[in-house]
Amino acid sequence: MGSHRTARAVIAAAVVTAITAAVVLIMGFAWSSGGDRAQVSYNAVDMRAQMLDNGDLRITQTFDYRLESRGTPWRQMFQQYTLSSDRLTTISDISVTDLTTGRTYTQDDTVHSPSGYGDAGWDSECAGRWYIADITQSESHPDPFDPELDALTATAVGEPAQTKDVEIGWNIPSTRSAKSMRFELAMTWHGVATAYDDVVALEWEPFSALNSTPAARVTGTFAFPKGISESNSWAWLHTGAASETTRLDDGSLQFTVTDLPGGEYINVVVMAERQPASAVSREQAGRMKQRILEQERREARIASNARQREARGRLIIWLIPAVLALLLVVGALIGAKRACAQGRRHTEALEYWREPPDMSPAAAAALITDVMPGIQGSCDDRQMTSTLLSLVTKGAVAIYPGSAAGYRGLDLSRADCVSIGQLIASDPRREADAAGMCTLVIMPRVYTDRAGLQLCRSESALLDVLLRASERIGLPVFDFGQMQAALKDWRQGYAWLRGFEDACNAEYQALHATVPVGVGARMLGGAAMIASWLTAFIYTAAVGQVALALVISLPLLFAATFAAQVSPSQAFTAQGEAYADQVGGLMRYMEDFSEFGDRGVFDTVLWGRYMVYAAAFGISDKLMEQMERAYPQLADPEWANVHASNDGLVYWSARRRAMPARGGAFGMHGMHAGGSFGSMVSSSFSSVGSTIRDAMPQSSASGSRSGSRRSGGGGSFRSGGFKGHSGGSGGGRGGAR
């Protein structure tokens, strides 16, 4: 019994958890892909910046665009940069290549407006060309820009600076939407570095805070000129997005930024010891190394403290609902364990019980449900059927096969089974009628000596229902079809039927066989399930952490559901265990009866009561099989006429093959004849790990992050970026139109 309940609890917990997991993943996917996806975004961006001896930067950027469908086609990609006389004077040596098709774009001196062409005209006249334009005055009406003639004159850092905004754009064929379009933009930035007395320093900002195009992943490399290594150079990555950095032996800084939102910048700050033969054109007196080191340390410390506070706040938000759910789950499991211990039988069950149990059939039908969960048939049906059969064995009613119309003119209250059987066998029409209906007879003794019948409360209540049906029909003899028609519009019938149900419940309660257990476990389990669902919703919808829902909420939900389901609702009392032995032992005895060699002479009275309790246990068919095996002579009608005619239940059951009957609500059952989910989850787990690491004290997190060759020796204070200052050279922002 316990193992069956445990198996059902495991299955229920697995089903609930699986359904919740599906909902979590669907919600997480909707959250990650979102209905507010930007119309244009970067699947990935890869950048390489090579610092030249003269302080210029040779930059190669690869953009992987994703274009969502909109009302008009996409025709133009662009990157915008800010020139400043103290950090970026001009951009030259530009080339644009379509990596998807392999086409190299050519320069166009004219900036074409995408809205002024049809698809065919644009593709034939404009597509495949790039341009550079001055957009300082107006982005919609750009001015021509010549990298040499319009270059700014370099000024020292700190002096009043001149600025210009320029746009490098390229015209693509008209495109409705695209999951991936890859382009390479190569160029040289001039006048980026500044040479001080001790170091050469520069800032490179490929994405500024004005950039509105998000990127799923950005990778980059900043390389120093020959002669510069990790030992005499320093590099820092400034960004508020999740990032990792690595310094290589040659001093190069490699960085990765994930989930860069619009409005977030990437600023690379580098510094190298000045070489005697430095060719950097912009020079400024003074020593800058210590000032830059102090500034970066201060900004790293501020960013680290802010990140710790934010991470600890997130951990608190994550842990509070999880701890609450965990406490409820633990309480539910402890309560379930106690309830199971209370519900466990304390005595060894009897193997067999050969006598009818010391209780009414209705009480036995209810008790067997607790003794052997999963019994066939509803308890209500088994109580009604067994009680009706009990009325037959006590002589209150009689049941004959066939409809009442077939017995018109016969006094069934005085008839015997043998004569009725011979009457049916003599007429094929009666025989066919007997196969489909049963007729019930209220015996005269009910009206003259009801007390002598010694009916229990449930039997008396059911007899009252039959008497009321008889009154509505107007006869003490009626078949089940007439009874159904008579009770169809009986408005007070539910009250009489409720009286029978109340009598059944009262008889069962009078046994004092069980006491309620596990109420606390089920309440705590239900509360834990609600708490687990809430945590899953919070983690998925509120903070966007599907990983937390999968590794915290779902295991807690499984345990909570299991605790609520495995807890028994009733435990047997000492008296109840004795009763349980009787009904369980009798059921096993009836199921195995044919195996006993000492069964003795066929006893119709005992077998009549057996059939009553077999109906209560839902094993009427099994009992008939055992009776046939034990007494093969029952199949002989002549033998049945002699030895089984004094008990209608046994007699008609023995004749069932010749006259199969179909029971109704009161039927005689003994007479029957024979983005992808994977990437979403991976990203979520990565974010969770970053938060946990960031919440650690700085002294515990000073080591390098897994995967970095070095912790940033020579100047990188942590193995990832930090939200330091922005505003480096370029101030890049890109998009499409």
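I began with Gln 454, which sits in the loop between α8 (445–448) and α9, helices being DSSP runs of H or I with at least four residues and strands runs of E with at least two, both numbered from the N terminus. This is a predicted model, in which local features need pLDDT of at least 70 and side-chain atom pairs count only at pLDDT 80 or more, while totals for chains, interfaces and linings use all residues. Residues are numbered from 1 along each chain as its sequence is written, and side-chain values use heavy atoms, with hydrogens and water left out.

I noted a phi near 55° for Gln 454, a positive value in a residue other than glycine. Most residues other than glycine have a negative phi. Gln 454 counts as exposed at 64% relative accessibility, where exposed means over 50% relative accessible area, buried under 20% and partly exposed in between (1.4 Å probe, protein chains only). I then found Asp 93, in strand β4 (residues 90–98), with a positive phi near 55° as well.

**Helix α10**

I listed the buried residues of α10 (residues 480–487) as Phe 480, Met 483 and Ala 486. They lie on the same side of α10 because they cover an arc of only 120° around the axis, the arc being taken over the directions from the helix axis to the C-beta atoms. Gln 484 and Ala 485 are exposed on the face turned away from that buried side. The buried residues pack against α5 (379–393), β19 (438–442), α9 (457–473) and β20 (477–479), contact meaning heavy atoms within 4.5 Å.

At the start of α10, I saw a side-chain oxygen of Asp 479 reach to within 3.1 Å of the backbone nitrogen of Gly 481.

**Thr 439**

I moved to strand β19, where Thr 439 is placed, and this residue counts as buried at 0% relative accessibility. Its side chain reaches the backbone oxygen of Ser 403 at 3.4 Å. Leaving aside neighbours within four places in sequence, I found Thr 439 in contact with residues including Tyr 400, Ser 403, Leu 412, Phe 478 and Asp 479.

**Salt bridges**

I looked up the salt bridges, of which the structure holds 19, each defined as a side-chain nitrogen of Lys or Arg within 4 Å of a carboxyl oxygen of Asp or Glu. One of them joins Lys 394 and Glu 459 at 2.8 Å, N to O. Lys 394 lies in the loop between α5 and β18 (397–401) and Glu 459 in helix α9, so the pair ties together parts that are 65 residues apart in sequence. Lys 394 is partly exposed at 26% relative accessibility, whereas Glu 459 is buried with a relative accessible area of 1%.

I also recorded Arg 414 with Asp 411, whose closest N and O atoms are 3.3 Å apart; Arg 414 is exposed at 72%, and Asp 411 is partly exposed at 42%. For Asp 449 and Arg 445 the corresponding distance is 3.7 Å. Arg 75, Asp 119 and Arg 176 are linked in a network of salt bridges.

**Chain totals**

Note on methods: A polar contact is a pair of N or O atoms within 3.5 Å; within protein, one must be able to donate a hydrogen and the other to accept it, and residues adjacent in sequence count only if both atoms are side-chain atoms.
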